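This report walks through selected local features of one model.

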Amino acid sequence: MSSSDQKGSLDRYFKISARGSSVRQEILAGLTTFLAMVYSIVVVPSLLGQAGFPVETVFVATCLVAGLGSLAMGLWANLPMAVGCAISLTAFTAFSLVLGQGLSIPVVLGAVFLMGVLFTLISATGIRAWILRNIPIGIAHGTGIGIGLFLLMIATSGIGAVVKNPGAGLPVQFGDFTSFPVMIAFIGLAVIIGLERLKVPGGILLVIVAISALGLIFDPAVTYKGMSSMPSLVAKDGTSLIFSLDIMGALQLAVLPSILALVMTAVFDATGTIRAVAGQANLLDKDGQIINGGRALTTDSVSSMLSGLVGASPAAVYIESAAGTAAGGRTGLTALVVGVLFLLLLFFSPLAGLVPGYATAPALMYVGLLMLSNVARLDFDDFVDAMAGLICAVFIVLTSNIVTGIMLGFASLVIGRVCSGEWRKLNISIVLIAAALVTFYVGGWAI
């Protein structure tokens, strides 16, 4: 087949010309998206590694999820959106479920898998639309704000910028600003902000690489252990997370609120992200609906099921996909390029161990700060709804538990509506969800 025939086949399959793009433009857009989100392959293993996951196998699993998820998004949904392990849900998995609540890694992987199954059913049956109609928008945005604050707390405490207060007073205080990790992390954050303002492709990755190089020079704890190796989902000590998920353990009554929190977060985050990227790429139909939106959401949720099987955190469409659509990506060929590049990275797992925590901290802080932009979406004309969203956000970080924040948000909303005389704005769904969440806590079943 000649190159012109190949281009013609690509054009027909991906509808490249019909969407006003070209093969060259799609490839460049895919490279742009890849550079914008490739930092995840070092951030995700770093976070999960702190919870006891083997870093080298998580690196491989992260590449598999991003590679196969993006390939599916491109080939099946034909949308310029890349999939990867979500940073916010990775933090929730590591610090809330494993370290905070003491769940075993197999149980957590079972919860991730079940979250993917539920999200797939929700997307396929239309329940997602019902949830979006009935869940208060303030709590939806408040969850995003709270996770952003949660990421900031994780990043700053991890480098020693925020530490426990050994004396009387508030529980935390500022750490040693003159320490190398703290100073280099805050400098890195400022540099990321500058590079992102200039729209430098791969700016976050460049900062991670630069700080890692400085660590290799000045930090004796950072050592070079090679460039490439054959990918394996079995750690050096012989342990493997592939198919190690404990689904029955995840079905315990005490774990269910965490699974529901994952599902609810995924429903709002996935829908909002996919709509934002599709809108930027002019991929909305005449009714304002996302073209192939159902397939996009199903790809998102099935990718989370894959995460549970191979030993990674829940997956999601990355908002960094917007970098690719800004570069002209309009079809699934963009996502296909991203998927292939992530699969090629499978052979470079030793690099994940070269990246110290203070190199990924600026990226985590930056993502957390971006998530705080959800504050602008709160409608303060609906005062009770907005305040319930803020209560949800604040107590997610104060309690280091997303479910607790959501429970307090729902309870505050219901009581606030009744006391303000706005009880007609409540529906049976909101009241039932609030009652169920409060019951879990009053009964002592919540973790």
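Helices here are DSSP runs of H or I with at least four residues, strands are runs of E with at least two, and both are numbered from the N terminus. The model is predicted.

## Positive phi in two loops

Most residues other than glycine have a negative phi. Asn-78 has a positive phi, near 55°, and is not a glycine. Asn-78 sits in the loop between helix 4 (55–77) and strand 1 (83–85). Is Asn-78 buried or exposed? Asn-78 counts as buried because its relative accessibility is 6%, and the limit for buried is under 20%.

Phe-243 also carries a positive phi, about 55°, without being a glycine. Its loop runs between helix 10 (203–218) and helix 11 (247–250). Phe-243 has a relative accessible area of 59%, so it is exposed. The cut-off for exposed is over 50%.

Helix 19 covers residues 428–442, which makes 15 residues. At 1.5 Å a residue it should span 21 Å. Its end C-alpha atoms are 21 Å apart, in agreement with that figure.

Which residues of helix 19 are buried? They are Ser-429, Ile-430, Ala-434, Leu-437 and Phe-440. Viewed down the helix axis, the buried residues of helix 19 fall within an arc of 130°, so they line one face. The face turned away from this buried side carries exposed Ile-428, Leu-432 and Val-442.

## Helix 2: length and burial

Helix 2 (residues 23–37) has 15 residues. From first C-alpha to last it reaches 21 Å, close to the 21 Å expected at 1.5 Å a residue. The buried residues of helix 2 include Val-23, Glu-26, Ala-29 and Gly-30. Thr-32, Thr-33, Phe-34, Ala-36 and Met-37 are also buried.

Ala-270 lies in helix 12 (residues 256–280). Its relative accessible area is 3%, so Ala-270 is buried. Setting aside residues up to four places away in sequence, Ala-270 touches Phe-119, Leu-297 and Asp-300. Ala-270 and Val-317 are 47 residues apart in sequence, but their C-alpha atoms are 6.3 Å apart in space.

Ser-307 belongs to helix 13 (residues 293–310). Ser-307 counts as buried because its relative accessibility is 0%. Beyond its neighbours within four places in sequence, Ser-307 contacts Val-65, Cys-85, Leu-109 and Val-112, among others. Its contacts also include Ala-312, Ser-313, Pro-314 and Ala-315.

For Cys-63, the nearest cysteine sulfur is that of Cys-85, 9.3 Å away. Cys-63 is buried, with a relative accessible area of 0%.

## Aromatic pairs

The whole structure holds four aromatic pairs. One of them joins Tyr-13 and Phe-14. This pair is edge-to-face, with 4.9 Å centre to centre and 80° between the planes. Tyr-13 is partly exposed, at 48% relative accessibility. Phe-14 is buried, with a relative accessible area of 2%.

Phe-180 lies in helix 9 (residues 180–197) and Tyr-358 in helix 16 (residues 357–371), so the pair ties together parts that are 178 residues apart in sequence. Phe-180 is partly exposed, at 33% relative accessibility. Tyr-358 is buried, with a relative accessible area of 8%.

Definitions and conventions. Residues are numbered from 1 along each chain as its sequence is written. This is a predicted model: local features need pLDDT of at least 70, side-chain atom pairs count only at pLDDT 80 or more; totals for chains, interfaces and linings use all residues. Side-chain values use heavy atoms; hydrogens and water are left out. Buried means under 20% relative accessible area, exposed over 50%, partly exposed in between (1.4 Å probe, protein chains only). Contact means heavy atoms within 4.5 Å. A disulfide is a pair of cysteine sulfur atoms within 2.5 Å. The expected span of a helix is 1.5 Å times one less than its number of residues. The arc is that of the directions from the helix axis to the C-beta atoms. Rings of Phe, Tyr and Trp (its six-membered ring) pair if their centres lie within 6.5 Å; planes under 30 degrees apart count as stacked, over 60 as edge-to-face and the rest as tilted.
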